[in-house]
Amino acid sequence: MSTIPPTMRAWVFNKAGTPENVLKFNPAHPTPAPPSGSNVLVRIYYAALSSAGTNLMNNVPSILRRSAIPELDFSGFIAQAGEKAPPELSPGTAVFGTVPVLSSVLRGVGTLAAYISLPAENVIVKPKTVGLPEAAGLTSLANTAMLMLEKAKIKAGDRVLVHGGGGDVGMVALQASRSVGAAVVATCSESKMNMVLQLGAEKTIDYRASQPLHKFLVDNYGLQQFDIIFDTVGSQDLFEHSPRYLKPDGVYVNVGGVGISTALSLWRWFKNSAHPGLLGGIPRKFIMFNTVPTKQRGEKIAALAAEKSIDILVDSTFKLEDALLGYKRMLDGKRNGRCLIEISS
Ligand SMILES: NC(=O)c1ccc[n+]([C@@H]2O[C@H](COP(=O)([O-])OP(=O)(O)OC[C@H]3O[C@@H](n4cnc5c(N)ncnc54)[C@H](OP(=O)(O)O)[C@@H]3O)[C@@H](O)[C@H]2O)c1
């Protein structure tokens, strides 16, 4: 069994807010206790910054935050395993995984730190053909994308619109849709069009140059062409006009809420799901959910990544001490892929 130092480098925070306002670097944060039961202790090599991580940092009330460590997604090596951990998670195994949201909220467990202790359920063996940096991006947001496909019951031959195809969830939703044999049109900003085409989109729509987007879609994709719309932006307009471009039995799956409050997002969820078409609601199936990542889905994502059906693009990598620069890049709207934090090597 390897020797684990009593303290570790970690970013911590004690109140809700943005990364630059609340995060403090602690060079000597207590290392998690040795794992018991089916828990494992992972030495983290890479953490992938995510919208989920910054949302939790911003929105969970300060009263719940005491020396909380940010972020959910990681890759690394098993350092120690509890006596009931499955044999495939023995020390030295390369793994990836994601922190359950409740552990982040209630216990401040996070991945901007040298070590993390988690139940085996949240840790997945890394495919040999996927690098450790990319594996850090196969987790929470990829789970959301895969759940979008599951909820939509996607099948070969479907025509799919991915709104936000250049974002972290959108890129995986687009590639996973292609892998089942669907044809994908994706919206993105102009600078991301080539990347999105390379990821498998049949066509791209520069959403800034095609406003209002719903009118552009009616003009160019009218006659109810789409079977599924995956919305990672959270556009109410796109849903309200969808009967013109989404088939009558089509499905609108929304996870986005870019730039709107949680309360407004929840209100739209209720309104769009519960208002019947007969009483003036939009006559299309609307699905929205909060992702709970599962091991089964994580293993499916690993298999797709191993066969190169899903590629995690890495935009940039920052040292742990430079995590605030990583957040700056992540939030500047210009990146092509994930921003990673390198923690060990
Ligand atoms: N429900 C859940 O379980 C769950 C889980 C994870 C994430 N989410 C939510 O899902 C959303 C997407 O997450 P993400 O990690 O993919 O974020 P992201 O990487 O920041 O991607 C968001 C994308 O939205 C696009 N965008 C922004 N404003 C737009 C507009 N007005 N019109 C069209 N596109 C626009 C951007 O496109 P360009 O970069 O091309 O400009 C960006 O790529 C977020 O709201 C996040 O909170 C929900």
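This is a predicted model: local features need pLDDT of at least 70, side-chain atom pairs count only at pLDDT 80 or more; totals for chains, interfaces and linings use all residues.
Residues are numbered from 1 along each chain as its sequence is written, and side-chain values use heavy atoms, with hydrogens and water left out.

The protein is split into domain 1 (7–139 + 293–342) and domain 2 (142–288), with bounds that come from an automatic or database domain assignment. Taken over C-alpha atoms, the centres of the two domains are 28 Å apart. Domain 1 brings 21 residues to the contact and domain 2 brings 14, where contact means heavy atoms within 4.5 Å.

The size of an interface is often given as the accessible area lost when the parts come together. Between domain 1 and domain 2 the buried area is about 1500 Å², and carbon and sulfur atoms give 54% of that; this is the accessible area (1.4 Å probe) that the two parts lose on being put together, summed over both.

The rule finds 3 salt bridges across this interface. There are also 8 residue pairs in polar contact between the domains, both residues being at pLDDT 80 or more. A polar contact is a pair of N or O atoms within 3.5 Å; within protein, one must be able to donate a hydrogen and the other to accept it, and residues adjacent in sequence count only if both atoms are side-chain atoms. On the side of domain 1 that touches domain 2, helix α11 (residues 295–306) gives the largest share, 5 residues. Helices are DSSP runs (H or I, at least four residues), numbered from the N terminus.

**Around the ligand**

The ligand is surrounded by 23 residues, and the closest are Ser51, Lys192, Tyr207, Phe289 and Thr291; a residue counts as near if one of its heavy atoms lies within 4 Å.

| Residue | Protein atom | Distance |
|---|---|---|
| Serine 189 | backbone N or O | 2.8 Å |
| Glycine 257 | backbone N or O | 3.0 Å |
| Threonine 291 | side-chain N or O | 2.6 Å |

Terms used:
A salt bridge is a side-chain nitrogen of Lys or Arg within 4 Å of a carboxyl oxygen of Asp or Glu. Helices (H or I, at least four residues) and strands (E, at least two) are DSSP runs, numbered from the N terminus.
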